[in-house]
Amino acid sequence: MKCEDVEKGLIAFVDERATAAERRDVESHLAGCAVCRARVQELRGVSNLLGELPAIEPSFGFDARVRQRVAAEPQPGWFAWLVPQARLALSAAMLVALTVWMVKWPANRTVGPAPAAAPAAAASSDQDFEAVKDLGVLENYDVVTNMDALSQLVPAKRPQAPKPDANQTESND
Amino acid sequence: MARTDVQLMLDVKAGDEASFDFLLQKYRSPLVNFLNRMVRDQATAEDLAQEVFLRVYRARKQYTPSAKFTTWLFRIATNLALNSVRDNRHNRMGVSIDGGADGDDSPPLELKAREMRIDERMIERDRVEIIRRAIWSLPEKQRAAVLLHKYEEMDYGEIAGILDCSEGALKSMLFRAYETLRVELAPLVTQAAPISRSGREGRPS
């Protein structure tokens with residue numbers, strides 16, 4: 001095995017946490033590699049040195065400060081059980097509202113303007129009819145009412161034209 | 001029969017404040033030491049340790065024993081420490097260059113003062129400071145890995161869980177960290193320790 005192959009297992013070997021197989025591999029390599037043997041010795045020295053670092057004790061009053069902060073934490077009250085239900089209810093209400101809106105929306109879009117527009121169109125047709133009917137220059141009312149141009153102007157609804165009085169037509173003739 | 005950490009935490013979840021106090025007593029010192037070695041400032045370390053306990057308490061109602069309690073506890077601590085180090089990186093760099101006022105946070109040295117001559121204390125203080133600086137010179141995540149490995153004596157799986165990496169990645173990380181320390185501490189490695197002492201602050205059993 002090359003040095004790189006055993007590197008990852010060296011720390012576990014030094015601190016004696018290597019598995020039996022890892023240990024065998026490292027020992028086999030160390031038997032033929034003076035560089036890695038020296039490295040292992042130095043790593044053991046490092047491990048011992050780290051052990052010299054002194055421990056500290058938490059300062060006086062540490063526990064009291066923790067307890068004070070814990071005591072300041074809001075305790076869950078009797079109404080805490082409501083919180084998840086309230087969230088659930090709000091979510092359900094929003095879902096229902098969204099569903100209703102999505103179902104209604106296309107209908108509103110097409111039906112909504114119609115009631116306002118229909119009387120306007122009807123009124124416009126009546127005015128046109130009256131204007132045409134009163135024109136004195138017209139000799140034949142049927143011709144005027146059947147004009148394509150007028151039917152294109154008022155495509156939605158043509159008011160029922162009153163049947164021209166036969167007598168009046170005849171008299172105009 | 002002593003209750004396990006998980007059982008204690010489940011008792012906290014059930015409203016037993018005494019169990020929380022028990023956990024506080026058990027882990028206050030390991031947490032403060034770990035955080036002190038991470039951020040190299042005792043006051044900051046204690047603030048962070050308080051925050052760790054507070055977060056544990058806040059999370060008690062949602063606690064589920066899906067992992068070892070210490071994995072959860074030290075993951076919170078490590079994340080807080082890493083954020084603190086990153087937030088204060090520039091300030092800390094200034095402190096480390098001029099020697100740092102936080103090099104004197106070693107009450108155990110004072111406890112031993114009467115037993116040691118002044119020159120011995122100075123030599124030891126220098127050694128300790130060199131070791132501290134060597135640890136501090138490591139990248140934050142490598143530093144956390146070394147501290148959890150060496151001082152908390154955690155197994156590789158638990159450290160990998162705390163640092164959110166694979167065991168293979170952790171072993172590589174530890175090797176790089178110890179290689180850096182080997183170079184940094186080479187002058188001390190060849191010297192015999194002047195005073196035999198165990199500075200380990202292992203986890204309570």
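This is a predicted model: local features need pLDDT of at least 70, side-chain atom pairs count only at pLDDT 80 or more; totals for chains, interfaces and linings use all residues.
Local features are reported at pLDDT of at least 70 and side-chain atom pairs at pLDDT 80 or more, while totals for chains, interfaces and linings use all residues. Side-chain values use heavy atoms, without hydrogens and water.

Chain A and chain B bury about 4400 Å² between them, with 60% of it on carbon and sulfur atoms; buried area here is the accessible area (1.4 Å probe) lost on putting two parts together, summed over both. Of the area that chain A buries against chain B, 18% is supplied by A:Leu50, A:Leu53 and A:Ile56, more than by any other three residues.

| Interface item | Value |
|---|---|
| Residues in contact (heavy atoms within 4.5 Å) | 35 residues from chain A, 58 residues from chain B |
| Salt bridges (side-chain nitrogen of Lys or Arg within 4 Å of a carboxyl oxygen of Asp or Glu) | 10 salt bridges |

One of these salt bridges joins A:Arg39 and B:Glu179, whose closest N and O atoms are 3.7 Å apart. On the side of chain A that touches chain B, helix 3 of chain A gives the largest share, eight residues, helices being DSSP runs (H or I) of at least four residues, numbered from the N terminus.

Beyond its neighbours within four places in sequence, B:Tyr178 is in contact with residues including A:Ile11, A:Leu43, A:Leu50 and B:His149.

Note on methods: Residues are numbered from 1 along each chain as its sequence is written. Chains are lettered from A and ligands numbered from 1 in the order in which they are written. Helices (H or I, at least four residues) and strands (E, at least two) are DSSP runs, numbered from the N terminus.
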